[in-house]
Amino acid sequence: MAHLIRHKLTNKLTNAAHTVSNKSQAKVSGVFARLGFQAATDEEGLGFAECDDLDYDYRQGMQMDVLQGDDEGGRMEGEGEFEGDSHYQRDGAGRRPSSMKTGGSLDEDKPRITTWDAGWNVTNAIQGMFVLGLPYAILHGGYLGLFLIIFAAVVCCYTGKILIACLYEENEDGIKERVRDSYVDVANACCAPRFPTLGGHVVNVAQIIELVMTCILYVVVSGNLMYNSFPGFPVSQKAWSVVATIALLPCAFLTNLKSVSKFSLLCTVAHFIINVMVIAYCLSRAREWAWEKVKFYIDVKKFPISIGIIVFSYTSQIFLPSLEGNMQKPSEFHCMLEWSHIAACVLKGLFALVAYLTWADTTKEVITDNLPSTIRAVVNIFLVAKALLSYPLPFFAAVEVLEKSFFQDGGRALFPDCYGPGGKLKSWGLGLRIALVVFTMLMAVFVPHFALLMGLTGSLTGAGLCFLLPSLFHLKLQWRNLLWHHVFFDVAIFVIGGICAVSGFIHSIEGLIEAFRDNIPD
């Protein structure tokens, strides 16, 4: 009995010494964190001190203290709900996501998507309506434009992978754990501890611009397609855009996308049929294909716009973190991303080349405008229906980002909450949503140039979200784990992406100014 008491006292004294040591180390770590060397807090250090104590007790055979251990374990588990949720990140800060908590997380009960479902979602994002502008990119880039379609697919696939890698950190056992949930979390971790929210604000602004510009492009393409489908009608493209916006006003009343999601599969199938129809018509004129028109020269003024068009058609990085987090088998994410980008690259390249060979120098910004009038009307009506049904998705996403940033930021919002008791949208909140719909209409009316707007958006936000930020975040958060070729790829992508973004943005602005100055037709 005396031996047992002496053994227990020895262990308790040893544990106390370890706890004091770990607390001291945590305080030193906190000092270094404030100096910018390591983003660890005192609470994080204390959380790991508790974990070390539990691990030490287990390894030293303290199972004999069952009753006392249960009592202490319950106390520590209760504390863990507050302090144990903080996690160690070399360059990030913040709380452990809810999916990382133990004790029956609600996230574990959420339905997960299969690898095929994830691949379908990525394919929908990068194989949408905006492929209609790719033949126009070949017009100004020739074979280099085709190479760029392949290059953009490879780079966007790679940056998607490294963006997901930034969601993970190694724990004390060397096992990777998911410690971040979104693009915004990655950006905030990259800017911590000095500017813990700056990165999130930058990403949110880029997301809002891209989503709103996507809505504008849907209105522009709807007006363009209707105008070219019925050229005999005394209605201008701008007037058709207004008509399309009237049909889109109910989007302001959306509170969820459950009703809209029912049409997603139908829209995708319709778009696939339309692509097949266009390619079938082009193949019927294969004998007239103008191979000699496809050259290696580029239009120096127009080709940077083509770069933006191609990059914008591959943008999917915004929702990849959420997609990977909801997969049944996250380990298959890389394989899924590779095959979806390979399929998109092949289909886009064939569509762009075949369409350009058919119409050569007369290729228009929206390729369906080149079809004969008998086929064009049918195809364009289907495309307009798809555009109008696709509009609510980016619109609702933009509204959510705006509401969370300005109206629902946990008491730190600039404006009062736009939702009343019971989650009912207030009248002035509804007015702001309607104003956003009207804003997309006004932009479509005054800037009705599909390819130029698409190139501008791709250069401004597409290159940033797909090229610049993922490579920069990867270098910052995973620096200690990178091999030399990873560093080389990240730096090369950042430099090339920066050059393409700046040149594309400048030339897109110049193209818009020239279009207004010379009154170029819509």
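## Salt bridges

In this predicted model, for which local features need pLDDT of at least 70, side-chain atom pairs count only at pLDDT 80 or more, and totals for chains, interfaces and linings use all residues, the structure holds 6 salt bridges, a salt bridge being a side-chain nitrogen of Lys or Arg within 4 Å of a carboxyl oxygen of Asp or Glu. Residues are numbered from 1 along each chain as its sequence is written, and side-chain values use heavy atoms, with hydrogens and water left out.

One of these salt bridges joins the side chains of Glu338 and Lys161, with an N to O distance of 2.4 Å. This pair links distant parts of the chain, since Glu338 belongs to helix 13 (residues 333–359) and Lys161 to helix 5 (residues 134–165), 177 residues apart; helices here are DSSP runs of H or I with at least four residues, strands are runs of E with at least two, and both are numbered from the N terminus. Glu338 has a relative accessible area of 32% and is partly exposed, whereas Lys161, at 18%, counts as buried; buried means under 20% relative accessible area, exposed means over 50%, and partly exposed lies in between, with a 1.4 Å probe and protein chains only.

## A salt-bridge network and a further pair

Arg178 and Asp181 also form a salt bridge, in which the closest N and O atoms are 3.1 Å apart. Arg178 counts as buried at 12% relative accessibility, while Asp181 is partly exposed at 30%. Both residues belong, together with Glu324, to a network of salt bridges.

A further salt bridge is formed by Arg285 with Glu288, and its closest N and O atoms are 3.1 Å apart. Here Arg285 is partly exposed, with a relative accessible area of 22%, and Glu288 counts as exposed at 52%.

## A buried glutamate and a lysine over a ring

The side chain of Glu210 does make a polar contact with the side chain of Thr315, at 3.4 Å. A polar contact is a pair of N or O atoms within 3.5 Å; within protein, one must be able to donate a hydrogen and the other to accept it, and residues adjacent in sequence count only if both atoms are side-chain atoms.

Lys348 itself lies over the face of Tyr314, at 3.5 Å from the ring centre, where a charge sits over a ring if NZ of Lys or CZ of Arg is within 6 Å of the ring centre and within 35 degrees of the ring normal. The C-alpha atom of Lys348 is separated by 9.1 Å from that of Leu146, although the two residues are 202 residues apart along the chain. Leu146 has its place in helix 5 and counts as buried at 15% relative accessibility.

## Aromatic pairs

Rings of Phe, Tyr and Trp (its six-membered ring) pair if their centres lie within 6.5 Å, and planes under 30 degrees apart count as stacked, over 60 as edge-to-face and the rest as tilted. By this rule the count comes to 9 aromatic pairs. Among them is the edge-to-face pair of Tyr183 and Phe473, with 6.3 Å centre to centre and 80 degrees between the planes. Tyr183 lies in helix 6 (residues 183–191) and Phe473 in helix 17 (residues 450–477), so this pair ties together parts of the chain that are 290 residues apart in sequence. Tyr183 and Phe473 are buried.

Tyr391 and Phe395 form a stacked pair, at 5.7 Å centre to centre and with 20 degrees between the planes, and both of these residues are buried. Elsewhere, ring pairs link Tyr158, Phe488 and Phe489 into a cluster.

## Annotated transmembrane regions

An unreviewed UniProt entry places the feature "transmembrane region" at residues 205–227, 239–257, 263–283, 303–320, 340–359, 430–447, 453–475 and 487–509; the positions are given in the numbering used here, feature names are shortened, and annotations may be inferred rather than shown by experiment. In the model, residues 205–227 are 100% helix and 0% strand, with end C-alpha atoms 33 Å apart. Residues 487–509 are likewise 100% helix and 0% strand, and their end C-alpha atoms lie 33 Å apart.

Val437 lies in helix 16 (residues 427–446) and is buried, with a relative accessible area of 0%. The C-alpha atoms of Val437 and Leu249 are separated by 6.6 Å, while the two residues are 188 residues apart along the chain.
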